[in-house]
Amino acid sequence: MDLKGIYTASPSRYAQSEQLYVRCGRSGVLLPKVSLGFWHNFGGGDPYERSRAITHYAFDHGITHFDLANNYGPPYGSAEETFGRLMEDDFRPYRDELFIATKAGYDMWEGPYGNYGSRKYLMASLDQSLRRMKLDYVDLFYSHRFDPDTPIEETLQAMVDIVRAGKALYLGISNWPLEPLRQAVQYLREHDAPLLIYQGRLNLLNHEPIEEGIVRFCREQGIGFIAYSPLAQGLLTDRYLEGIPADSRMAKDKFLHPCNRTDQLLAYLHELQAQGQAHGKTIAQEALAWILAQEGVTSVLVGASSVKQLETNLQAAL
Ligand SMILES: NC(=O)c1ccc[n+]([C@@H]2O[C@H](COP(=O)([O-])OP(=O)(O)OC[C@H]3O[C@@H](n4cnc5c(N)ncnc54)[C@H](OP(=O)(O)O)[C@@H]3O)[C@@H](O)[C@H]2O)c1
């Protein structure tokens with residue numbers, strides 16, 4: 001940023017393109033191997049200038065893909081509002097260089113129409129997201145979870161219509177089990193809005209998407225796979241080696257409970273640390289490199305509470 005606080009993106013932001021970008025399945029889209037998530041650290045209570053510095057660092061180093069959802073915050077909606085502010089302050093000139101995702105599927109507003117997978121919810125939610133994010137369209141819209149009580153065709157047709165209406169360019173699915181995912185892939189293909197990407201939790205402590213055959217299915221179908229919580233929310237880093245820092249997610253947030261910091265985990269972390277030290281890598285870099293080495297994985301979707309963390313994480317891809 002210059003002295004007047006005006007942001008100009010780094011002219012060298014694509015210097016590492018060859019190492020950084022990967023084709024997302026069999027599509028025209030290239031995504032960075034490390035993408036940035038807005039679940040934490042971009043909410044209404046987080047310092048705006050810190051969120052801003054993290055996004056600047058990301059974009060300045062070729063991280064073009066930002067991942068949001070309607071209810072990221074807290075409070076719900078506030079991460080999208082932060083993004084909208086960033087869009088107004090800094091990123092408007094770079095809109096066509098960004099690949100922005102949002103989602104709907106979990107609880108967002110009160111009453112019967114603010115949750116799960118109805119057409120009513122998905123349509124209204126995306127309109128709200130676009131207003132908060134100050135965007136005309138998102139690049140990627142996800143169904144955030146499978147809703148067994150809504151006919152699958154209703155959810156999927158709403159997604160197709162979202163693309164037809166020009167509100168999203170591509171579609172994604174997150175957290176769906178394999179069987180409904182198969183049906184979705186077929187439906188969306190038949191309706192000319194093919195699935196671009198699947199988003200699932202994959203990390204060294206949780207191999208479910210591999211064990212359940214989702215990663216393989218996506219690979220065979222030409223669909224990208226992006227791994228969320230690749231550092232298990234910070235467990236797979238040096239963050240908790242010496243205790244629970246007061247500014248950490250474990251100390252502050254209900255999503256990461258101190259009971260996860262077990263002796264077994266600490267022993268595993270020391271192993272990873274020793275392994276990494278042999279070739280100059282941190283625990284986080286080891287953890288991210290393992291995911292990126294899995295066949296069919298397009299990108300790791302990291303969170304970061306500082307520029308330094310993102311810098312470390314990005315190195316895992318280069
Ligand atoms: N589709 C879904 O249902 C779903 C679910 C969850 C997440 N997601 C997406 O995935 C994104 C990432 O999830 P996540 O935040 O759980 O990812 P993560 O990368 O596993 O965890 C991020 C946290 O780990 C710590 N950390 C990150 N890099 C570090 C480093 N180099 N050294 C030490 N600590 C480090 C930080 O915690 P501190 O805050 O303690 O510093 C950071 O906030 C989300 O933002 C969201 O976009 C999607």
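The model is predicted, so local features need pLDDT of at least 70 and side-chain atom pairs count only at pLDDT 80 or more, while totals for chains, interfaces and linings use all residues. Residues are numbered from 1 along each chain as its sequence is written. The secondary structure of the protein chain comes to 12 helices and 10 strands, where helices (H or I, at least four residues) and strands (E, at least two) are DSSP runs numbered from the N terminus.

**Overall fold**

- The protein chain has a radius of gyration of 19 Å, close to the 20 Å that the globule rule gives for 318 residues, so it is as compact as a globular protein of that length; the radius is taken over C-alpha atoms, and the rule is 2.2 Å times the number of residues to the power 0.38.
- The C-alpha trace of the protein chain spans about 50 × 50 × 40 Å along its principal axes.
- Of the 318 residues in the protein chain, 45% are buried; a residue is buried if 20 or more other C-beta atoms lie within 10 Å of its own, exposed if 12 or fewer, and partly exposed in between, with C-beta atoms placed from the backbone.
- Among contacts in the protein chain with a separation of 6 or more, 75% are between residues 24 or more positions apart, two residues being in contact if their C-beta atoms, placed from the backbone, lie within 7 Å.

**Domains**

- The domain assignment gives domain 1 (17-235 + 282-317) and domain 2 (238-280), with bounds that come from an automatic or database domain assignment.
- The C-alpha centres of domain 1 and domain 2 lie 25 Å apart, and eight residues of domain 1 are in contact with 15 residues of domain 2.
- The side of domain 1 that touches domain 2 has two nonpolar, five polar and one charged residues; Ala, Val, Leu, Ile, Met, Phe, Trp, Tyr, Cys and Pro count as nonpolar, Asp, Glu, Lys and Arg as charged, and the others, Gly among them, as polar.

**Ligand shell**

- The ligand is surrounded by 30 residues, of which the closest are Gly37, Trp39, Gly234, Thr237 and Gly303; a residue is near a molecule or strand if its C-beta atom, placed from the backbone, lies within 6 Å of it.
- Domain 1 and domain 2 both give residues to this shell, so the ligand lies between them.
- By class, the residues of the shell around the ligand divide into 10 nonpolar, 17 polar and three charged.
- β10 and α12 each supply at least two residues of the shell, and α12 gives the most, with three residues.

- Leaving aside its neighbours within four places in sequence, Leu171 is in contact with residues including Phe141, Met159 and Val163.
- Seven of the 10 residues of α11 (residues 283-292) are buried, among them Ile283, Leu288 and Ile291, and what covers the buried residues of α11 includes β9 (224-228), α10 (263-277), β10 (299-302) and α12 (307-315).

**Glu212**

- Glu212 lies in the loop between α7 (208-211) and α8 (214-221) and is partly exposed, with 14 other C-beta atoms within 10 Å.
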